[in-house]
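Please load the model and keep the selection tool to hand.

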Amino acid sequence: MTATVFDGEIARPDGRHELTPEADAALDSYSLHNVDLAPVPIAKRTWTTYNYLALWVGMSINIPSWLLASGLIALGMSWTQAIFTIFLGNLIVLVPMLLISHGGTKYGIPYPVLARASFGVYGANLPALIRAGVACGWFGIQTWIGGTALFAVVSALLGKDSWWSTAGTISIGIGVAASQPWTLWLSFAIFWALNIVIILWGMDAIKKFESWSAPFLIVVFLGLMVWMIASAGGVGPVVQEPGKLGWGSGFWAIFPISLMGMIAFWSTLSLNMPDFTRFGRSQREQAIGQALGLPTTMTIFPLVGVLTTSATVIVFGEAIWDPVALTARMENPIVLLLMLVTLALATLTTNVAANVVSPSYDFSNVWPKRISFRTGGIITGIVGILIMPWNLLNDPNSYIFTWLGTYGGATGSIAGVLIADYWWIRRKSYRLTDLYKPDGVYRYSSGWNWIAVVSLLVGVVFAIGGAYSTGGQPFPEGGIIPALKSFYDYSWVVGLVVSFVIYGGLTLTVGKQAVEAQTT
C-alpha cells in the first residue's frame with residue numbers, strides 16, 4: 001500500500017497523517033500555527049512501547065501514589081480491598097485515555113489543537129485553560145512537596161542541630177505558612193529550577209529523562225521494600241489485618257466514592273495524552289505502552305508502599321506511611337543520599353510530565369505566535385509560585401479537596417465532548433490543515449462551537465452541581481443543588497457521560513449541516 005495525498009495532507013498506510021512540506025510551510029503564515037503546535041512529521045515520531053511504559057512508570061512512582069492505599073485503609077478497607085480499588089480505578093480511566101490518545105498519534109497534534117475540531121479554533125482555549133489551571137495548581141503543590149522532601153532529607157543527613165535545620169526564617173507571600181527557614185525556601189527554589197530546566201530542554205529531553213529514570217526508581221523502591229521486610233523478619237501486621245468493613249454493606253457504601261477518587265487521580269491526564277502520543281511510532285505501540293504502564297505501576301507501587309509500611313511497624317514500632325518521614329529515620333548516610341536522589345527524581349518525573357507539559361502547550365495555544373512551548377513552561381512555573389502552594393497545603397480542605405477536587409471533576413465533561421466528536425461524529429477523521437486556519441472549516445461562529453460549550457457547561461453542572469460538604473468544605477450538607485447531590489460522588493463519570501450524549505445529540509440535529517460541510 002502507498003500513501004495518499006489530499007489537500008496538503010499525507011495519509012500513510014498505517015493510518016497516521018502528516019502535512020506535505022509545502023502545506024506545513026504555508027500554515028506558518030496563520031496566527032494559529034507555531035512550530036510546537038504543528039503536526040509532528042512522521043520521521044520525528046520516535047516514541048516506542050518502552051517510552052510510553054517508562055513515561056507511566058515515571059509519573060506513577062511518586063509520594064501521593066505511595067500513600068494512596070493508606071487513605072483507603074484509614075477508611076476501614078483491608079489492604080487487598082484498597083489495592084483492588086486502586087487497580088480498578090486505573091483500569092477504568094485507561095479507557096478514555098486511550099480513546100483521546102488515538103487522535104494525537106494519528107495526526108501528530110497536541111491536546112489543544114485536537115480540541116479545535118470540537119470547540120472551534122478559538123473556543124479550544126476554554127478546555128485548554130481549564131486543563132492548564134488544574135496543572136498549574138498541582139505543579140505548585142508537587143514542587144513544594146519536592147522542596148520540603150529535599151529539605152527534610154538534607155536535615156536528616158546533616159543532623160537536626162545543623163545550620164541547615166536551624167536556619168533563620170524568612171516570610172514570603174502571605175498566610176500562616178509563609179514564614180519558613182531560608183533553607184526550606186532554597187530547597188523549593190532548587191526543585192523549581194530543576195523542573196524548569198528540564199522543560200526548557202524540550203520534549204526529546206523529557207522522553208530521555210523519563211526513560212532513564214523509570215528503571216532506577218523501580219530498583220530503588222523495590223530494594224527499599226526488600227530491605228525493610230528483611231530488617232523486620234517478615235511483612236508485619238498491616239497485611240495481616242482483615243480491615244474493619246469486610247465485604248458487607250460498609251464496604252460497598254464507600255467503594256463507589258473511593259473508586260471515583262482513584263479514577264480522578266489521573267483523569268486530567270486522559271485529556272492531554274495527545275501531547276505525548278503525537279510522538280508515537282504507531283497506535284499499537286502507544287496503546288500497549290500505556291496499558292502496560294498505567295494500571296500495573298499504579299497497582300504495584302501502592303502495594304510496595306503497603307508492604308514497606310507494614311514492615312516499619314516492626315522495625316520502628318509504628319506505621320510510617322510517608323516515604324520522606326521513613327527516609328528521615330534512616331541513619332546510614334549512603335542510604336540517605338540515595339533516597340534523597342530517588343525522592344527528588346520520583347517527584348520530578350511526575351511533575352514535569354503530568355503538570356508542566358500540558359500547560360506549556362495550552363498557554364502556547366492562546367497566542368501561538370508569541371508563546372512557545374518553552375515560554376508556556378516558564379509561565380506555568382511562575383503561576384506555580386504565585387499561587388503560594390505552601391499556604392494551599394497548610395489548609396488542604398479549602399484547596400486540594402475543594403478547588404482542585406471540584407475543578408478536576410469538571411474535566412470529565414471535556415473528555416466527553418472530545419470522545420464524542422472524534423469517535424462518534426467525525427469517525428476519527430479531521431481536516432488537518434483546517435485546524436490551523438482562523439477561517440477554516442472549524443471556525444463555527446467566530447471561532448467558537450456553541451454546542452461544545454453548552455455540552456461542557458451542562459456536564460459540569462451535573463458533575464459538580466451537587467457538591468456537598470463532608471467536613472471542612474464550603475458546601476452545604478445537602479448539596480449546592482440538592483437534586484444533583486447523588487451525582488457528585490460520581491462526578492467525573494457523570495460529567496463525561498452527560499457531555500458525550502448532549503454533544504452528540506445536538507451535533508447530529510441542530511449542528512448536522514455544519515458537520516457535513518466539515519467532512520466533505
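A pocket, worked out on a 1 Å grid over the protein atoms alone, is an open set of points with protein on both sides within 12 Å along at least five of seven lines, and its lining residues have an atom within 4 Å of a point. Grid points are joined across faces, edges and corners, and a volume is the space filled by probe spheres set on the points. This is a predicted model, in which local features need pLDDT of at least 70 and side-chain atom pairs pLDDT 80 or more, while totals for chains, interfaces and linings use all residues. Residues are numbered from 1 along each chain as its sequence is written, and side-chain values use heavy atoms, with hydrogens and water left out.

**The second largest pocket**

Select Val35, Asp36, Val40, Lys44 and Phe279, which are the closest to the centre of the second largest pocket among its 20 lining residues. The volume of this pocket is about 480 Å³. Which element gives the largest share of the lining? H9 does, with 3 residues. Helix H16 (373–386) also gives two or more; helices are DSSP runs (H or I) of at least four residues and strands (E) of at least two, numbered from the N terminus. Colour the lining by class and you get 11 nonpolar, 2 polar and 7 charged residues. Here Ala, Val, Leu, Ile, Met, Phe, Trp, Tyr, Cys and Pro count as nonpolar, Asp, Glu, Lys and Arg as charged, and the others, Gly among them, as polar.

**H8 against H9**

Next, show helix H8 (residues 182–201) and helix H9 (residues 203–232), whose axes come within 5 Å and cross at roughly 120 degrees. Axes are lines fitted to C-alpha atoms, for helices over the stretch in contact, with angles from 0 to 180 degrees between N-to-C directions. The two helices are therefore oblique to each other, a class left over once angles under 35 degrees (roughly parallel), over 145 (roughly antiparallel) and 65 to 115 (roughly perpendicular) are taken out. Ile198, Ile199 and Trp201 of H8 meet Ala205, Ile206 and Phe209 of H9, contact meaning heavy atoms within 4.5 Å. The contact residues are 6 nonpolar, no polar and no charged.

**Thr143**

Go to Thr143 in helix H7 (residues 125–158). Its relative accessible area is 0%, so Thr143 is buried. Buried means under 20%, exposed over 50%, and partly exposed in between (1.4 Å probe, protein chains only). Leaving aside residues up to four places away in sequence, Thr143 touches Phe188, Phe191, Trp192, Asn195 and Asn351.

**Two positive phi values**

Finish at Asp7, in the loop between strand E1 (4–6) and strand E2 (9–11). Asp7 is partly exposed, at 40% relative accessibility, and has phi near 55 degrees. Ser446, in the loop between helix H19 (411–425) and helix H20 (450–464), also has a positive phi, near 55 degrees. Most residues other than glycine have a negative phi.

Methods:
On a 1 Å grid over the protein atoms alone, a cavity is a set of points where a 1.4 Å probe fits but cannot get out, and a pocket is an open set with protein on both sides within 12 Å along at least five of seven lines; lining residues have an atom within 4 Å of a point.
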